[in-house]
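I opened this entry to look at strands first, then at rings and charges. My notes follow the order in which I checked things.

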Amino acid sequence: MYTHNGRTIQANKAWTSDDGYQHPSTWTKCWGEADLKRWSVTWVDDPKPKARPDNRFYWGYKVDSDGNETDELNPRALADVSEVDNDGEAIIDERTGEQLVTVGLKNQYIAQKKREANALLHETDWYVVRAAEGGSAVPEAITTARAAIRTACAGIETKINNTSDLDAFIALFDIKDNGDPSDMDCF
């Protein structure tokens with residue numbers, strides 16, 4: 001971007017210099033280095049925008065006491081957080097009458113994995129119902145597949161619960177070296 005004495009000016013647009021002189025919109029097409037220097041116009045690279053934080057793990061960037069966004073990420077909590085006001089008093093949920101709790105990442109993802117496992121089990125529930133009502137036995141392949149779903153879900157839950165910090169939790173989402181998403185630790 002071009003600047004004139006610290007003020008941004010637009011290329012291909014007319015502008016007025018600090019001394020009141022009006023420059024035409026063609027200034028960027030006609031001027032050379034000497035003209036830029038004469039009128040105190042310099043090129044400054046646009047500041048690199050901040051990377052957007054991964055909202056699965058961060059609320060965004062922290063804000064300082066003046067309300068300005070900092071470069072420090074604001075992480076989401078791994079464990080559930082009982083919410084309190086500025087005085088340290090419990091914030092009560094009006095619907096339940098209980099203290100408001102923000103569910104942590106561990107419990108969020110454990111619940112998600114359990115929902116996914118239940119959806120997979122639901123597809124074959126009818127075999128179990130049929131057998132329970134005196135019909136044909138559940139085929140061995142179905143029993144094996146259902147057990148594998150439960151085992152995989154329990155393994156993922158254990159991995160989640162064993163993470164000690166946010167970095168370890170985030171590592172559960174990393175794809176292995178071969179680039180195959182099915183080789184992710186958990187997700």
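I am working with a predicted model. I then looked up the strands around that pair. β6 covers residues 58-63 and β7 covers residues 69-75. They run antiparallel, and I found four bridges joining them. Five residues lie between the two strands of this hairpin. G67 has a positive phi there, near 85 degrees.

Next I checked the open sheet. I read its three strands in the order β2-β1-β5, with antiparallel pairing. β2 (7-9) and β5 (41-43) are the edge strands; each has a single partner, so one side of each lacks a neighbour in the sheet. I noted an average twist of 40 degrees from one strand to the next. β1 (residues 2-4) pairs with β2 over three bridges. In that pairing I see Y2 opposite I9 in β2.

Then I turned to the rings. I got a count of 13 aromatic pairs. One of them is W31 with W39, with centres 6.5 Å apart and planes at 15 degrees. I log this pair as stacked, because planes under 30 degrees apart count as such. Both W31 and W39 are buried. The two also belong to a cluster linked by ring pairs, with Y2, W15, Y21, W27 and W43.

Last, I looked for charges over rings. The charged end of K50 sits over the ring of Y61, 4.2 Å from its centre. R76 lies over the face of W59, and I noted 3.7 Å to the ring centre.

Note on methods
Residues numbered from 1 in each chain as written. Predicted model: local features only at pLDDT ≥ 70, side-chain atom pairs only at ≥ 80, totals over all residues. Heavy atoms only, no water. Pairing = 2+ DSSP bridges. Axes fitted to C-alpha atoms, helices over the stretch in contact; angles between N-to-C directions. Phe/Tyr/Trp six-rings, centres within 6.5 Å; stacked < 30°, edge-to-face > 60°. Buried < 20%, exposed > 50% of the residue type's maximum accessible area, 1.4 Å probe, protein only. Lys NZ or Arg CZ within 6 Å of the ring centre and 35° of its normal.
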